[in-house]
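Here is a short report for a first look at this structure.

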Amino acid sequence: MSTPFSAIQCTIVGLLLAAVCIGQNRPSLSYTTYTMSDGLPSHEVYASLQDDEGYMWFATDRGLARFNGRNFTIFSFEDGIRDITIFDLVKDPQGRIWFFSYCNDLYYYEKGQIHRHCLSDTLKRTPYIITGLEVLDDRILIALYHGSIIESDLECQETVKRTAPLETKGFIQAMQMGNVTISSQGSVFESLKGIHIMDSNLRTIDSIFLEEEFKARSSLVYSKIHENTRYFAGSGTVMVVQSNGQTRRLQLGVDINHAIFENNNHVWIGTRDGVYRCDLLNLNKAPEVFLRGYSITSINRDREGGYWFTTHNSGVLYVPVLEHYSFHQGNGLAIDRMDEIIGVGGFFYAGGFDGHIYRIDPASQTLESVAQIDSRIDRMYRLPDDKIAFSMGYCFDPGTQEVFKLSEKRMQLFIPPGEYFFHYQDNRSPIDLLEIETDRVVDRYDLPRLGYRDAVRASDGFLLGGRYGLARIRNDEVVIMDTLDPILGSRIHHLIPISESVQAAAILGGGILILQNDTVLCHLTEEDGLASNVVNQLHFDGASRLWVATNRGIGLITHPLSAEKRRINSYNTSDGLISDVVFDVAYTNGWIAAATDKGISLFKESSIPPPVDTIPIYVAHCKVNGISKDMEQMSSLTHRENSIQIGVDALSFKHLESMVLRYRLKGHSPWVVTYNDQFEFNLLPPGDYVLEMQAGDGRGWWSSSMASFQFSIRPPFWATRWFIITACISFVLILWLVIRFRVNYLKNKQMVISEMNLYQNQALASQLSPHFIYNCLGSVQALALQAQPQKLVQFISQFGNLLRSVFEMTFQNMVPLQAELDLLKRYLDIEKTRHKDRFQYRITMDDSLSQTECFLPPLLIQPVVENALKHGMMGLDNHHEGAIDIVAKRRNDTLILEVRDNGVGFEHEGHQMLEEGRPSGLSLVQKRLNLIKKWTGRETKLTLENITQGVRVTIMIPFFEAIPKT
């Protein structure tokens, strides 16, 4: 059995480590901090957990928070949490999230709702606070601070089992159910002697006695069973109890807040001063210590391999990749920005604006400042003897850590591998080729343009790159290469050799050129997979790999000369870089170092985890016409609800900075790529839609999973199938009714016209009755016998005119009022002649009628006049002269015709005579008036009344200014 560390041993090891690290700076983990300014409800966070969907949950003293990588959703009092101080988070086998509060309320989250558990009332009656929680398939285990454990079923239908607090001082209880253990965090003991383990029946099944009492705060904060080995952590001690009873213990000498045991035989321990990572297979090995100064309350590892550390007063720390280290102004650098880095002799050397030269040891992950020059370090070159030259003419010897002048002349262009350099005074002078060792001018060249930054050997000459592109020097001949290819005139930011005849050139803003013998082999850009076209520097590691420093991370091009084998990968902050803005990159012995605007990143190539295969994506919320809608409501929207905004959560914390989304309405639109997590669709036509969504890492890789969301916009009711069918049926029915109505109307109208014609013919027949004609002929005979030729001629003329007028009216439905009155005048003149002037008549029209033409049915008044002559005038004796007045006048839209006589009158009331149907002339007029009313839909009226002497008959019909259409 291994002997545990003693306090003295720990002290000695600590002093040795401190001595080794004197003058050196340890790196810090590359992490992201989330605080209240990012939306976290509090800086005091007690626990974290990742649910089955991929969301991160945090328990704080000011509520429960769910995190999607961009925003925090806070669950608090309004969501049903009575006490918002939350201490722990547990996920059950069904995926529900359980937690408890300071007031012993027990809750769980399921399907968007917070539920208070039925066990809460029992727990609130307990005088001790909850310290631990485990939820199994059908059981709940709850540890209380005073030393007892409660066990119950999920539905609270069984009697709650409770262990009694241990009376044995110095012992802690732990309950074991399968591979789950829960321990009661007892009161502070003077010394911890052991642990009693019980089963679900509250029977002690094992007791662990410590070989050496631990005299300190005795509080067990974590316990776990894995492969028949029990792990315990608490009171500054980590214990491993194997199945054979052997116990190993590591004493940290610092209070433990939290611990997690990983299957790779490591334990993470959160303390009041950072986090410890211990090797359980070798507890004698000094633990790794990270995040000094933070009081770590919990540790959690997500499904992408990232680590989440919650703290007492600093929020949440997220470490995407563990074995990535960073140096910055807080742990060794004078300034954060580093421009140059190079690998020499197993170490990295870096420099920048401040002139410091820093050495990084990847084996111990330490940094120290080894020298300083009086100017900015612009270019770093490796000499054959592993010395480092700078473009200012300085040289650094790593062995002696001395800086000296390599040349009195400024090394404008250094030529690897270190034999020559080019020098020129200003942009107008010739360029000199000098030997490094002697400063002797070997050759001189006249270049039409200067401003070059790099030079390399190429094809029995030299290749220069700079502001105006590439220039070639061969056999004293200078060629500006943009004449060969316009792309070669682009601004060259860095130029390096890959082989004797192949070079790589970084075009600032234009990607990378691979050249061979003045020929462009390939031009690589973002379209080929580069993280960015803004390339700062290049590094070839000699193993067919080209490392690329860009403003969006590091690129790695394997087999750059082979189109078939060439692969391009990228690494950025999601892989652990301290910043995406990388000015230089170097590789040595499996380690990569990057000089960035925020410091230096150091990591092992093998520590880069492979990309995740799946990025889950969910619909988080929906808005319709700017109003929030539940997911269920999206299945049936009205046609006016056609402007839709859908917010999504793509849950990849590792790829958060570079993640892109794409979406499409299947069958309606192509893929749309966006960095926005809000998708907007405006004025969508009615229909059924399927929104397909996919997340990617921004480097050409897309998640293998694709999420979909269905919604439907109903058409307006007039565009629905049932409405169209109903409308068609209704239209046919209405059309049939209209046709039927029209046919009936035409039939009725034709019937009315026929009846009108019938009654008109009857009126004509009465006018030309044989009796009337016989009487007229008798009058002609009498006038002839009386030898009155003048009257005879006049009478015959009047009778002829009357016959002509009657025949003309035979074919007309309506006649002018004046023609009707003219006919009456001829009729009355004939009757006056026949009756030897026994009566007088008068026909008058008001002024409005004389100015406006008016129409009425023919012979409408004649029967009334005939009735006045027959029944009124003939009843007078020979001493009274008869009189007939015919008056036509207009009142608004009514034509009023009055016939007055001074005859004997009627024995009965006029309406009784009309009802009895006599006299026949008036009955005929009444029938014709009824037909006019039926035909036109307007009122008509016939009245008879006795006046002081005689009778007045009034006819009222609609006023027609024109002949109405039949």
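The largest cavity is lined by Val 864, Asn 867, Ala 868, His 871, Gly 872, Val 899, Asp 901, Gly 905, Phe 906, Val 951 and Val 953. A cavity here is a set of points, on a 1 Å grid over the protein atoms alone, where a 1.4 Å probe fits but cannot get out; lining residues have an atom within 4 Å of a point. Helix H8 (862-873), strand E70 (894-901) and strand E72 (951-958) each give two or more residues to this lining. H8 supplies the largest share, five residues. Helices (H or I, at least four residues) and strands (E, at least two) are DSSP runs, numbered from the N terminus.

By class, the lining holds six nonpolar, four polar and one charged residues. Nonpolar covers Ala, Val, Leu, Ile, Met, Phe, Trp, Tyr, Cys and Pro; charged covers Asp, Glu, Lys and Arg; the others, Gly among them, are polar. The space inside is about 90 Å³. Such a volume is the space filled by probe spheres set on the grid points, which are joined across faces, edges and corners. The count of cavities of 30 Å³ or more is four.

The model is predicted: local features need pLDDT of at least 70, side-chain atom pairs count only at pLDDT 80 or more, and totals for chains, interfaces and linings use all residues. Residues are numbered from 1 along each chain as its sequence is written, and side-chain values use heavy atoms, with hydrogens and water left out.

Next, the cysteines. There is one disulfide (a pair of cysteine sulfur atoms within 2.5 Å). It joins Cys 118 to Cys 156, with S to S 2.2 Å. Cys 118 sits in the loop between strand E10 (113-116) and helix H2 (120-124), and Cys 156 in the loop between strand E13 (149-153) and strand E14 (161-162), so the bond ties together parts 38 residues apart in sequence. The torsion about the S-S bond of Cys 118 and Cys 156 is about 90°, so this disulfide is right-handed.

The table gives relative accessible areas. Buried means under 20%, exposed over 50%, partly exposed in between (1.4 Å probe, protein chains only).

| Residue | Relative accessible area and class |
|---|---|
| Cys 118 | 40%, partly exposed |
| Cys 156 | 27%, partly exposed |
| Cys 395 | 0%, buried |
| Cys 854 | 3%, buried |

Now the whole protein. Its secondary structure comes to 10 helices and 72 strands. Of its 966 residues, 52% are buried.

Technical notes:
On a 1 Å grid over the protein atoms alone, a cavity is a set of points where a 1.4 Å probe fits but cannot get out, and a pocket is an open set with protein on both sides within 12 Å along at least five of seven lines; lining residues have an atom within 4 Å of a point.
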